[in-house]
Structures are given as structure tokens and as C-alpha cells.
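Subject: Structure handover

Hello,

The sequence and structure are below. My notes on what was found follow; please read them with the model open.

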Amino acid sequence: MITEFGHFALVMALAVAVLQASLPMVGAARHNGTLMAFAAPAAVTQALLVILAFAALTHAFVTSDFSVAVVAQNSHSLKPMLYKVAGVWGNHEGSLLLWILILAVFGAAVALVGTNLPPLLKARALAVQAMISVGFILFILLTSNPFHRLDPPPLDGNGLNPLLQDPGLAFHPPMLYLGYVGFSMAFSFAVAGLIEGKVDSAWARWVRPWTLVAWIALTLGITGGSWWAYYTLGWGGWWYWDPTENASFMPWLAGTALLHSASVVEKRGALKSWTVFLAIVTFGFSLLGTFLVRSGVLTSVHSFASDPARGAFILLLLLLMVGGSFILFAVRAPSMQAGGLFAPLSREGSLLFNNVMMATGAATVLLGTLYPLIADALDMGKVSVGPPFFNAVFLPLMTPMIIAMAAGPMLSWKRADLKGLSQRLSGMLAVSVLVALAVWFAQGGSAGPWWAAGGFALAAWLMVGTAWDMIERIRLFRQPLGLSWRRAKGMPRASWGMAAAHFGVGLVILGITGSSAWKLEAIQNQHLNQTVSLGGWDLTLKGVEENHGPNYTASRATFDLTRDGKQIATLSPEKRQFLMPPRPATNAAIRTSLWGDIYVVVGDQAGDDSWVTRLYVNPMVPWMWIGAALMAAGGALSLTDLRHRIGVPKAAPSKGKTP
Amino acid sequence: MTPKTKRRLYMVLLGVAALGVATALVLAALKDQIVYFYSPTDLQSKHVAVGRHIRIGGLVEDGSVLKEGAVVNFRITDTTTTVTVTYTGVLPDLFREGQGVVAEGSVDKDNLFHADTILAKHDEKYMPPEVADALKKSGQWKGETRQ
């Protein structure tokens, strides 16, 4: 009954969305306030209906109602409660419902928070948001109905893919979707701005916070996914340039560029068309990601079930939304008033440079991701494009971007003077060279890869530059500490947020470089009480025993980790055999310290008292997680700054200081 | 030139330069870094160079898996042709006799395939499309594998 109720709520949501997509649009064209005012309550109603639908599906999962097809196919009565709840989105249908839920909640948030929005912009943006809703609710109702019943119901379910039975499932997909779908806000505002023919700094002030929320969520979602893959897949890596990873990385790159170009629109009124273009492209990448992952044209852990009809439907949605908005862009963008002028060497110039590099980077990732499909379609053979391609193309493109990234915040708006910065830049260069030399000697010259020194120098350049810029801004060491402290407190939080995020990028580069350059790996057939040594670490297999979990049995190995004869830790990796579906899964044991991870995996039993074991020494991996967390924290810090400004029209002098 | 056209010019030059560099990098990488896929039959008929990095895919032949410590030998078949593969390491959780598998590595002069990566997919319902195609070609396709 509750299930049918959920289905009904979703159909009602579709009806509301259809009205929300059309009436306010007509109202905005005719300047009819009544029709325009329909948008906000409709958005809230739509969100409530989708929440009801989602709650109904969650209820079916929690109570293990196997008469519902999705539950029967993807759940099991013995599954722990956490995975019954998180399992709602651990399948195609449920994950799409989550997508729609987040979309609707974003729309409702704009309706509720945006009381100060210009009515025309608000009506149109919510109408565009509802058009996306219509497309996706139709998609789910027509091709992937989560409320479909089975008759007769099976006695028990098929269970959830063991790989997904991990706390990461509760966190990674919602975060990622929050990011993907969050960019729909920027898209809706962009299309609304195009229809209105007006994109100005007030528009950018509106777009930025929503984009920032999406960006923070996507940053955390990608990092969470990478971490999850790292500890659960058992091969010791954290990024494989897998199509689905790329599918989340492309919107991240475009979204990062959008975030920065929107700040130029906001502060200087320049780069308007480019920003609108990026807003469309960013959401287009999100849709493309959904298409690639959901259609099954590219396969990976994320393709729950592939169905050509579904793929065709999403492709159609993608073409309609992105194609339509590009046509609109082509018609309307030239008429948009160009904004402030700037010299190539200026804050705007550096931001534009970084934007172009990021967009190019995203384009190469796109090409690499789609190349196997293109090659197959053109009969050029079946190929796979893996890490070597992306490393060879993407990293050289990002290097000049990182170099400019450190200098950009130091440049003044409009026109900058490099002479005043020459002391700082040469100081940064000196530190980078010293770091490179130190790394080179520490790794024993050409005993390690040459790019290790390069990566460290790049990170040093960025981190020193970022820190130095903040020191200059608060005049640290140039005046009494108290005054510096007061300056620091008086600085906009967005500046601190930017500094934190850029510093975080530096940490990520250090982590990537260190872990790629000096990773050690040993695979062996290890006997009981035999010791394996790697990079100064000694690992002794003490025993393997049977262990029982709620819905699996496991061979649990116990290792003693020692260094120079001193006991450091006991590590217990597991090889699990799930009961339903009957499938094995690996659970690595990781000992983390600031300097890196010791990563142990136990494989099959090879002899009477021996097992295949795998030991990795992954230096500096935690630095990536810390760096990414710092990036997200920097974003959140900027968001608290922006909060004063959400909805404050340009003319209102009473609230907040001008940035 | 007005300042506005000058700025436009800078932007266009920047864009062209970035795209040019990217194109050069992509072309260079496409030449060297792309990994081609072969079925066992292709591998035999097309004379792939010794040492070239490729992927092969098919079914793990029943009864062919021999483990000696961390070294695993097995045969990949598309039911007409069979390739012997050797691999050192921990096999993926879903590696199983009779199931689809993709191996990445290179052939030596004795036609032994040295795999450095074994990809058995994340889901048992899943059949790598390349393997499905190879099986279709050899007439061994047994209908849909997905649900």
C-alpha cells in the first residue's frame, strides 16, 4: 500500500513539475505576477511529493518487502540495517530516485531561500529546474520504475553486491549526486539569464553559492569514492582513470572553472558569456556522466544494469537539454553586454588562463573517455584508454595551470604589475628549486623517477605562494602581531577559503606524486610465521582463522608488522565470502600514519599452511585525503562568507559589506 | 585596435594555443598509450608484435587454472582458439573458471601471454562486451547475460 502511495506521489510530482515548468515561463513572458508566483510553492510541493516517494521506497527496503521488484533484486532479509537503508540507492532505480530527490530539494531550497531574487529570474530558473525534473521523472516512471511489484513475491531477496556493502555506500553516492545535481542550479540560472538577456554581477552572486555547494559536495564525493575504491578493491590504487571516475571528474573540472569565472562576473562584470557557457557545459558533463554510467555503454562497478532503452532515453534528455541551451546561447549570448576590460596580466587574465586550461583538460578527459566508443563505431578496433594516456595528456596541461594558480591571487584586478611581485616570485622559485633538489637527493638521484622532484617543486611553488600571499595581506611580521591578527579577522572569509583550497591542492599534488613515485609492492606465497620485508617494514603471517559476519564468512589473517624488530601494529585483512549473493570480497588492512600507508591483502590459500598475500607500502597517500578535505573546507568557509550576500540585491546597503 | 577587440584577440590566441598543445599531447598519446583488444582468435591470426601491450579477453577455460604459490597459469578461450596466460599476484575476487575475463599484458615469442593485470568484472552478471563479441563471432554466444 505504502509502495503504491509512493508511486502515486511520484506521478503527482510529475504533474506539479509540468505546471511548474510551463506556467511561470508564460508568466515571465507576459509579466503576469500571479503565474510567476506559482513557481515557488510548486517547487516546494514537488520536493515534498518526491520526498514522500523516496520515503515509501526506503520503507520497502527497511521492511524487506520482497513483493517490490527492486527490493527483491537488491536486498536480503539478513542484510544489516545500514545497508538496507543505503541499499535504497545501491541500484539503478533507487539511485535515480535519489537523483530526482536532490534535484527537487535544490529547487525547493531556491524557492524558500531566494525570497529576494528578482521575480523574473526566480520564475524562469525554477521553471527550467522543473523541466529537468519532468525529464527525469518521466525517465524513471517509463523505464525504471522502482515501485514495480512482483507477483508472487519471492521468499527472500537476491542481496546486494558485496562490493557495495560498505559504509562508503551511505556517503559516496549522495555526496556525488549532490554535486552532479547541484550544478543544475547554475544551469537553470544560466538558461534563465539567457532568456532574460541579462547576466550581471547580481546574477553571479546568486549562482556562486549554489555552485559552491555543488562543488564542495562533488569534491567530497569524488574523494570518498577514491578512498572507498582504495581500501575495498584490494589493488592498492586510488585512481584508475576509469570511465566512471572520469564521469565525475569532468563536471568537477568544469565546475571549478565555473566557480572562478563566476567570481570575475561578480567582481568585474567581465567574462559573462564564458561563464554562462561554462554553467551549461558543467551540467552537461553531469548529465553525460549520468548517461555514461547508467546506459551501460561503458562498464564498471557503477553500471548496475544496462538497458539500451534507458541509455537512449538519457541520451535524448542530454541532447534536448544541452542542445537546446546551446542554441539559446548561440542566439542570445552575442547580445549580452560585454563587461569590464582587463589587461592580459591581471587577476581576470590569470583566472581566464586557468579557465581555459581547465576546460581544455576536461575536453581531453572527455576525448579519452569516449575514444573507445568512437574507435569502435568507426571500426578502428577495440581499444582501451587507460592511465598512461591520461597521465601523458592531462598532467602536462595542468602544470602551467598550477604555476599560474599560485601567482593569480597576487595580481590586482584589471591591470597588474609584475615588477612589484618579482621579489616574491623569485623567492617562491628559489624554494621550489631547493625542494626539487632535496627530493632528488633524498630519492637517490635517478633511482627514483625524475618527475617526483618536479611534482614536489610544483606543490612547493603553489603552497609557498599561497601562504606568502596571505602573509602579505595581513602584513604579518611587518607590524605588531595584534594588528596582523585584526587584519586577518577582517579579511573576507572567501579569501581564507580560497587560500585553504589552494593549499589543499598543493597537499593533493604532494600525495599523488609521493604515492605514485615511491610505491612499493610485494606479492608472494607466504607461509605461517614467514616474514616478508619491504621498504624496511617486516610483515609476519601469524595465522588465518574463520570468522563470521552477519551475512558472510571470512578468512581473517593476522599479521605482525614490525620495523627494526619493534612491534608497530597487528593487521587483519579478510577475504569474505558473502552468502547472498554468493560472492567473495576483499577487505584490506591498512595502517595509516602521516607518512603513508602499509596496505595488506590476503588472497587464496595456496598450500597447507600458506596463503597468497600482497603487501604495499604507499607513501603519502593520506596527504591526498587531507588535501581534498582542506579544499572542501575552504569551499565551506567561502560559503559562510557568501551567506550574508545570498539574496541581497546589489542596491541594498543595509546588509553586509561590499566585498 | 580597440581595447575590446584586443582582449578578444588575447582570448582567442590563448584558446588556440591551449587547444594546440592539447591536440599535440593527445595525438602523441594516442599513438603510444592506447591499448588494443584482441580475442584469442585475433591474437593468432593478426600476429601481434612480441612485447606490445594489449588486452585479450574470453572465458577462463574450465580446469585450466594452475596455481603455484603466487603464480597462476590459466587459459583464455573464445572456444575456437585458446591462449595460455601466466600471471603473478592475487586474482580478482570474481575470477572463476568458465567466467569472462580480460587480461592486460603482452605475448612472448612462445605465444605465452604475460599478464600484468587481470580484470574480472565487479559483477557476475556482467560479461565484458569485447568477450561477448568474441563469443558471438565464434558462435558460442548463449543469449543475454544481464538480468
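Chain A has 19 helices and eleven strands. Helices (H or I, at least four residues) and strands (E, at least two) are DSSP runs, numbered from the N terminus. This is a predicted model, in which local features need pLDDT of at least 70 and side-chain atom pairs count only at pLDDT 80 or more, while totals for chains, interfaces and linings use all residues. Residues are numbered from 1 along each chain as its sequence is written, and chains are lettered from A and ligands numbered from 1 in the order in which they are written.

Confidence in chain A

The mean pLDDT (the predictor's confidence in each residue, from 0 to 100) of chain A is 88, and 95% of its residues reach 70 or more. Helix 3 (residues 39-62) of chain A has the highest confidence, at 96, and strand 1 (residues 383-385) of chain A the lowest, at a mean of 81. Over residues 647-659 of chain A, pLDDT stays under 50, and the model has 16 contacts beyond four places in sequence for this stretch. Two residues are in contact if their C-beta atoms, placed from the backbone, lie within 7 Å.

Overall form of chain A

The C-alpha trace of chain A spans about 80 × 75 × 55 Å along its principal axes. Of the contacts in chain A between residues at least 6 apart in sequence, 75% join residues at least 24 apart.

Buried residues make up 52% of the 659 residues in chain A. A residue is buried if 20 or more other C-beta atoms lie within 10 Å of its own, exposed if 12 or fewer, and partly exposed in between, with C-beta atoms placed from the backbone.

Helix 9 (residues 201-232) of chain A has 32 residues and reaches 45 Å from its first C-alpha to its last, close to the expected 46 Å. The expected span is 1.5 Å times one less than the number of residues. In helix 9 of chain A, 24 of the 32 residues are buried, so this helix is largely enclosed by the rest of the structure. A:G234 follows helix 9 of chain A and has a positive phi, near 75 degrees.

A:L434 lies in helix 15 (residues 422-442) of chain A. With 12 other C-beta atoms within 10 Å, A:L434 is exposed.

The sheet in chain A

Four strands of chain A form an open sheet in the order 2-11-10-9, with antiparallel pairing. Its edge strands, each pairing on one side only, are strand 2 (520-527) and strand 9 (589-593) of chain A. Two strands pair if DSSP finds at least two bridges between them. Strand 2 of chain A is joined to strand 11 (residues 610-619) of chain A by eight bridges, and A:N525 stands opposite A:V612 in strand 11.

Strand 2 of chain B

Seven of the seven residues of strand 2 (residues 54-60) of chain B are buried, so this strand is largely enclosed by the rest of the structure. Its pairings are as follows:

- Strand 1 (residues 34-38) of chain B: parallel, three bridges; B:F37 has B:R55 as its bridge partner.
- Strand 6 (residues 100-107) of chain B: antiparallel, six bridges; B:I54 stands opposite B:G105.
- Strand 4 (residues 71-77) of chain B: antiparallel, two bridges; B:L59 stands opposite B:T77.

Regards
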